[in-house]
Amino acid sequence: MIDGKKYTVNGIWWDYPQTDSESTGTTDDNVMFRDVLPRRVKVGFLFQKLSEEEASEILVERKKEQSEVNYYDLESRSRVTRIMYPASDQVDAHVLFCNEGTENFNCDDIELRYTQMIPDELA
């Protein structure tokens with residue numbers, strides 16, 4: 001669910017990156033010390049075989065500065081809600097002309113990706 005609106009997706013992926021800070025390294029005794037930065041979870045949704053109207057809705061979501069995203073989190077095996085910002089790649093469409101001269105579009109797959117804005121550790 002994105003900003004309270006339910007979408008049907010054809011695929012989902014998760015990324016739980018661990019990024020070390022510049023403080024990570026070894027001590028004088030050659031013991032490794034790891035300082036992990038707060039994690040920003042990423043999630044992506046795949047939409048397939050979209051109509052012009054459906055593709056337009058996804059693009060409207062894409063241009064938002066932030067969204068409230070509720071999704072199934074694989075790590076916790078539960079639904080979570082996070083404030084995230086969206087991103088996507090190029091959208092390709094195929095124009096189909098009807099007999100009356102009107103244009104109808106069918107779009108290729110669109111992947112909508114979200115990155116957590118406030119890490120769980122700081123929320």
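Some conventions before the structure. The model is predicted, so local features need pLDDT of at least 70 and side-chain atom pairs count only at pLDDT 80 or more, while totals for chains, interfaces and linings use all residues. Residues are numbered from 1 along each chain as its sequence is written, and side-chain values use heavy atoms, with hydrogens and water left out.

I start with the sheets. Helices (H or I, at least four residues) and strands (E, at least two) are DSSP runs, numbered from the N terminus. Two strands count as paired if DSSP finds at least two bridges between them.

There is an open sheet of 5 strands, in the order β1-β4-β10-β7-β6, with antiparallel pairing. Its edge strands are β1 and β6, each of which pairs on one side only. From one strand to the next, the twist averages 40 degrees. Helix α1 packs on this sheet, where it touches β4, β6, β7 and β10, and its direction makes about 25 degrees with that of β10. For such angles, axes are lines fitted to C-alpha atoms, for helices over the stretch in contact, and the angles run from 0 to 180 degrees between N-to-C directions. Contact here means heavy atoms within 4.5 Å.

Now the pairings inside that sheet. Strand β6, residues 67–73, and strand β7, residues 78–88, are antiparallel over 7 bridges. V69 has R82 in β7 as its bridge partner. The two strands form a hairpin with 4 residues between them, and R77 in the turn has a positive phi of about 55 degrees. β7 also pairs with β10, residues 110–116, in the antiparallel sense over 5 bridges. In that pairing, S88 stands opposite L112 of β10.

An open sheet of 3 strands has the order β5-β9-β8, again with antiparallel pairing. Because β5 and β8 stand at the edges with a single partner strand each, one side of each is left without a neighbour in the sheet. β5 and β9 run antiparallel and are joined by 2 bridges. S51 is paired with N106 of β9.

Next, the helix. Which residues of α1 are buried? In α1, residues 52–62, they are A55, I58 and E61. Buried means under 20% relative accessible area, exposed means over 50%, and partly exposed lies in between, with a 1.4 Å probe and protein chains only. Seen down the axis of α1, the buried residues fall within an arc of 115 degrees, so they line one face of the helix. The arc is that of the directions from the helix axis to the C-beta atoms. These buried residues pack against β4, β5, β6, β7, β9 and β10.

Is D73 buried or exposed? At 1% relative accessibility, D73 counts as buried. Its side chain is joined to that of S76 by a polar contact of 2.9 Å. A polar contact is a pair of N or O atoms within 3.5 Å; within protein, one must be able to donate a hydrogen and the other to accept it, and residues adjacent in sequence count only if both atoms are side-chain atoms. Leaving out residues up to four places away in sequence, D73 touches W14, Y16, S78, V80 and R82.

Last, the charged pairs. Side chains of opposite charge can pair when their charged atoms come close. The structure holds 9 salt bridges, a salt bridge being a side-chain nitrogen of Lys or Arg within 4 Å of a carboxyl oxygen of Asp or Glu.

One of them joins K5 and E57 at 2.7 Å, N to O. This pair links distant parts of the chain, with K5 in the segment before β1 and E57 in helix α1, 52 residues apart. K5 is partly exposed at 35%, and E57 is partly exposed at 27%.

Another joins D89 and R113 at 3.2 Å, N to O. D89 sits in the loop between β7 and β8, R113 in strand β10, 24 residues apart. D89 is exposed at 51% relative accessibility, whereas R113 is partly exposed at 21%.

R113 also meets E111 in a salt bridge of 3.2 Å, N to O. E111 is partly exposed, at 31% relative accessibility. Elsewhere, salt bridges that share partners join D3, E61 and K64 into one network.
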